[in-house]
Amino acid sequence: MAMGTGLNITGANAPGITSVGGIMQMKSARQLRQEERQKATQFNNTPVIQGLASYVRKCWTVARTAKEQTVEQRMLRSLRQRRGEYDPDKLSIIGQQGGTTIYMMLTANKCRSAGAWIRDVLLTASNNKPWSVQPTTLPDIKPEQVQEIMGKAQGVIQQMQSSGQQMSDEDVRNMLLMMKDQAVSQERNVAQQAMHRMEYKMKDQLEEGGFITALSEFIDDLTTFPAAMLKGPIIRKKKRLAWGKDKKGQTAPVIQEELVTEWERLDPFNAYPAPDSANFDDGFFIERHRLQRSSLTELIGVDGYSDASIRLVLDEYGRGGLRDWINVDNAKASAEGKSTMAIGNNPSELIDALQFWGTVQGKMLLEHGMAEDQITDPLAEYPIEVWLIGNYVIKAVINKDPLGRKPYYKASYEQIPGSFWGNSVSDLCRDTQDACNATARALINNIAISSGPQVVYNVDRLPAGENITQLYPWKTWQVTSDPMNGTGPLMQFFQPDSRAQELLTVFERFSTMADEYTGIPRYMTGDSPSGGAGRTASGMSMLMGNAGKSIKQVISTIDIYVTCPLVSRLYDHNMQYAEDPDLKGDIRVVANGAAALAAQGQSDQRRNEFLQLATQNDVVKQVVGMEGIARIIREVAGTLGMNTDEIVPPIEVLRMQWAKDAQQAQQQQAAQAQTQGGGKGAPPQGGQASLPNAVSTGQQLQNGAPTVNNFTPMAK
């Protein structure tokens, strides 16, 4: 198996044609499928594939057991808690006690508020993206540039020596530093141009690859589950509708297949990390897939996948599917409001697959039959990716990332150092949610029982068959005499006490504690605080600023653990595989989430104020220049969602236009001066023609020529 290039079990000849002794033989499609099946079966029975499959199953058992014993039940509780449903055991206890099953949607409200707050920062950031790229502070100088600098310096020294001048060591050092600074400046300009091209390229890739949708779903997971996860870039083969001409020359649809780069949300229920890992890259990781047949078909032809093994899986499991049922499946379906009976029948005929990411020692690969020339060091660790479906391995390759990184990213609403799983909003307010539910149930039950009087009947005085369950006005009662003294009352009334006010006070207290535990106060969603600093606008602003500190920590966590590594991974992918050399430069990725939160509501105003200053103040205008003003206008237009290229042309286009305008202006001035002066006294190139009584204004043109006023009356 060629681990570096993936599995390729396709034959060398054309489909349906084989060569035996130089004679071409035709084979039916059925014979070809049988041969392909035999080859795939033989391949999956080789020692190295069987060894990898056995290793993956062992890791799967360990990770699944650890997750079932630790975080899985907490995830189910969080899901039910957000949906406003009791756990089955709690619901059974409430049913035994009787009374209402009301559920106060405190957690759902907190999750929605936190999600809206985070979306407001990440999905409405500058240019609708929570990241940007910048050139590195000190670009690297290439070896050929160093040689060029040394060559130029040597030429200057030789020229000075030939003219009889000598340069001191200090002069040589200063000259080399000056040349180095020039090279760094040139490299910085090149990196700046490449940065803009790469930024546009990555923005387009993320938008077309579903990153915005995946990020929105990621935010919902972040507030609900102990960890939220994203995955990408993922290379898939997709069909695209194009339009062409048919044989009659008429417009007709054309289906084209192309490889696309995508990002997607990873369901936390399908994530199985190593029990002792704290992140994706310090242990093995397994993702459980539930694939449709179409999803498997899209993998045919993708680099690294075995087409023959995929067809073998489709042939064996295509009808009826393949489900490796685990305990959480039915519980998750029930918590999501799905029919467990329908899910159990697997109506979509889904096929379960395990995608394994981890490292194996070269010695293990050698023991399982790997060629020695592919394992340079038996004691080294080799990062691998293995896809296992049933008994078949459809992919087994060395991880192509140069650093062996896995294409996964995670964050938690509250990070726990050293732990893979953190705390969500649901976890943080679980106790207050239970307390509010218990208080609300007691409140409703108390209100119900105290809504009317309780009645005590003397059944000895009621005739047989009398209905005592109905009370209505003007009802007539038949009674018998009291066997004891004949004067006892037929019925008595008493009113149960109402404890509504005390219970409401308790509920309000626990609801306020939920604000403190989650860091999401109610006034962030429009509920005005009673009294205190919230009575004034400045006080309200101070309260919201303090509340923003907790959410800023969450945004910083997303910046550090998701945004930066995800976009950096895309940059590395483009540097490795992009064919356009103009995209490639020395840049770094910067996450803007926390910065956007800090500058929210102020950046646009400050940007407009600076634009006004740069266009109206002559001193600032001269310092900034036309190119700087153009960049500011493009930035302002971008924040307004406008197409900047349609409003302000790119800087390169503007430079060409300015050069053309300057050349035309010089030509017009020269022609005008020659016409007015009869060909004599024309100003130097780039100057301005002046009349005899012209008065200097003391200002200069862009090229340095003085400007004059030809219309000022001559002093007498």
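These notebook entries record what I looked up in a predicted model.

**Entry 1: nonpolar cores**

I began with the largest nonpolar core, which holds 44 residues. Within this core, Met229, Ile286, Phe356 and Val386 touch the most other members. I then looked up which element gives the most to the core and found helix 2, residues 47-69, with eight residues. A second core is separate and has 40 residues, among them Val121, Leu122, Leu215 and Tyr409. I note for context that nonpolar side chains tend to be buried together in soluble globular proteins.

I next listed the contacts of Val386, setting aside its neighbours within four places in sequence. Val386 is in contact with Leu52 and Val56, with Leu354, Gln355 and Phe356, and with Val393, Lys395 and Ala396.

I traced an open sheet of three strands, ordered 5-4-11, with antiparallel pairing. Strand 5 (251-266) and strand 11 (408-411) are the edges; each has a single partner strand, so one side of each lacks a neighbour in the sheet. On average, neighbouring strands here are turned by 25° against each other, direction ignored.

I examined the pairing of strand 4, residues 228-245, with strand 11 and found four bridges in the antiparallel sense. At this pairing, Ala228 stands opposite Ala411 of strand 11.

**Entry 2: salt bridges**

I recorded a count of 30 salt bridges and looked up three of them individually.

Glu85 and Arg83 form a salt bridge whose closest N and O atoms are 3.3 Å apart.

Lys238 bridges to Glu298, with 3.4 Å between the closest N and O atoms. This pair links distant parts of the chain, since Lys238 lies in strand 4 and Glu298 in helix 9 (residues 293-298), 60 residues apart. Lys238 is partly exposed at 25% relative accessible area, and Glu298 is partly exposed at 22%.

Arg569 forms a salt bridge with Asp401, the closest N and O atoms being 3.2 Å apart. Arg569 belongs to helix 17 (residues 537-577), whereas Asp401 sits in the loop between strand 10 (392-398) and strand 11, and the two are 168 residues apart. Both Arg569 and Asp401 are buried.

Finally, I followed salt bridges that share partners and found one network joining Asp221, Arg265, Asp267, Lys332, Glu336 and Lys338.

Key: Residues numbered from 1 in each chain as written. Predicted model: local features only at pLDDT ≥ 70, side-chain atom pairs only at ≥ 80, totals over all residues. Heavy atoms only, no water. Core = buried A, V, L, I, M, F, W, Y, C linked by side-chain atoms within 4.5 Å. Buried < 20%, exposed > 50% of the residue type's maximum accessible area, 1.4 Å probe, protein only. Contact = heavy atoms within 4.5 Å. Pairing = 2+ DSSP bridges. Axes fitted to C-alpha atoms, helices over the stretch in contact; angles between N-to-C directions. Salt bridge = Lys/Arg side-chain N within 4 Å of Asp/Glu carboxyl O.
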